[in-house]
Amino acid sequence: MAVPSPLKVQLFGQSFVRHLKYFIRHDTTLRFDLNLQGHPLVQYSGFSGARVDTLHDRLTVISDFEPEIVVLIIGTNDIYDSSCSPGENTYLN
């Protein structure tokens, strides 16, 4: 009987994701698999200063990993950019 492959989870977004990865690495009480059942593979892909439009250019990170679940951490950098508004961002519409 074949062993089922583990669930693949991708955390994708701005630098908060990268900071979370380093925080977990330095705290032995935390686990990279986020304590999810079945010990999934969790990939952390965070990019400093990323906005919705710049993350759009990095979507190959997701397609290369082929996760079943994607958690997006986006929007904070867009809020701080006065030239960007949700109504004008074509990636949100």
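Is Phe 12 buried or exposed? Phe 12 counts as buried because its relative accessibility is 2%; here buried means under 20% relative accessible area, exposed means over 50%, and partly exposed lies in between, with a 1.4 Å probe and protein chains only. Here are my notes on the rest, point by point.

1. **Ground rules.** This is a predicted model, where local features need pLDDT of at least 70 and side-chain atom pairs count only at pLDDT 80 or more, while totals for chains, interfaces and linings use all residues. Residues are numbered from 1 along each chain as its sequence is written, and side-chain values use heavy atoms, with hydrogens and water left out.

2. **The sheet.** Three strands form an open sheet in the order E2-E1-E3, and their pairing is parallel. At the edges are strand E2 (41-47) and strand E3 (69-73), each of which pairs on one side only. On average, neighbouring strands of this sheet are turned by 15° against each other, direction ignored. For the terms: helices (H or I, at least four residues) and strands (E, at least two) are DSSP runs numbered from the N terminus, and two strands pair if DSSP finds at least two bridges between them. Axes are lines fitted to C-alpha atoms, for helices over the stretch in contact, and angles run from 0 to 180 degrees between N-to-C directions.

3. **E1 beside E3.** Strand E1 covers residues 8-14 and pairs with E3 in the parallel sense over five bridges. If you want a spot to look at, Val 9 stands opposite Ile 69 in E3.

4. **The helix against the sheet.** In helix H1 (residues 15-25), the buried residues are Ser 15, Val 17 and Ile 24. The buried residues of H1 pack against E1, E2 and E3, with contact meaning heavy atoms within 4.5 Å.

5. **Aromatic pairs.** How many aromatic pairs does a search of the whole structure find? The search finds two. Rings of Phe, Tyr and Trp (its six-membered ring) pair if their centres lie within 6.5 Å; planes under 30 degrees apart count as stacked, over 60 as edge-to-face and the rest as tilted. Phe 12 and Phe 47 make an edge-to-face pair, 5.9 Å centre to centre with 70° between the planes. Because Phe 12 lies in strand E1 and Phe 47 in strand E2, the pair ties together parts that are 35 residues apart in sequence. Phe 47 counts as buried because its relative accessibility is 15%.

6. **The other aromatic pair.** Phe 32 and Tyr 44 are also edge-to-face, at 5.9 Å centre to centre and 75° between the planes. This pair links distant parts of the chain, twelve residues apart: Phe 32 is in the loop between H1 and E2, and Tyr 44 is in strand E2. Phe 32 is partly exposed at 35% relative accessibility, whereas Tyr 44 is buried at 9%.

7. **A charge over a ring.** The charged end of Lys 8 sits over the ring of Phe 65, 4.8 Å from its centre. The rule asks that NZ of Lys or CZ of Arg be within 6 Å of the ring centre and within 35 degrees of the ring normal.

8. **Gln 14.** This residue lies in strand E1. Gln 14 counts as buried because its relative accessible area is 1%. Leaving out residues up to four places away in sequence, Gln 14 touches a set of residues including Gly 46, Phe 47, Leu 55, Ile 73 and Asn 77.

9. **Salt bridges.** The count comes to two, a salt bridge being a side-chain nitrogen of Lys or Arg within 4 Å of a carboxyl oxygen of Asp or Glu. Asp 33 and Arg 31 meet in one of them, at 2.7 Å from N to O. Asp 33 is buried at 11% relative accessibility, while Arg 31 is partly exposed at 37%. Arg 51 also forms a salt bridge with Asp 53, with the closest N and O atoms 3.0 Å apart. Here Arg 51 is partly exposed at 25% relative accessible area, and Asp 53 is partly exposed at 26%.

10. **Positive phi values.** Asn 35 is not a glycine, but its phi is positive and near 60°. Asn 35 is in the loop between H1 and E2 and is exposed, with a relative accessible area of 54%. His 39, likewise not a glycine, has a positive phi of about 50°. His 39 lies in the loop between H1 and E2 and is exposed, with a relative accessible area of 54%.
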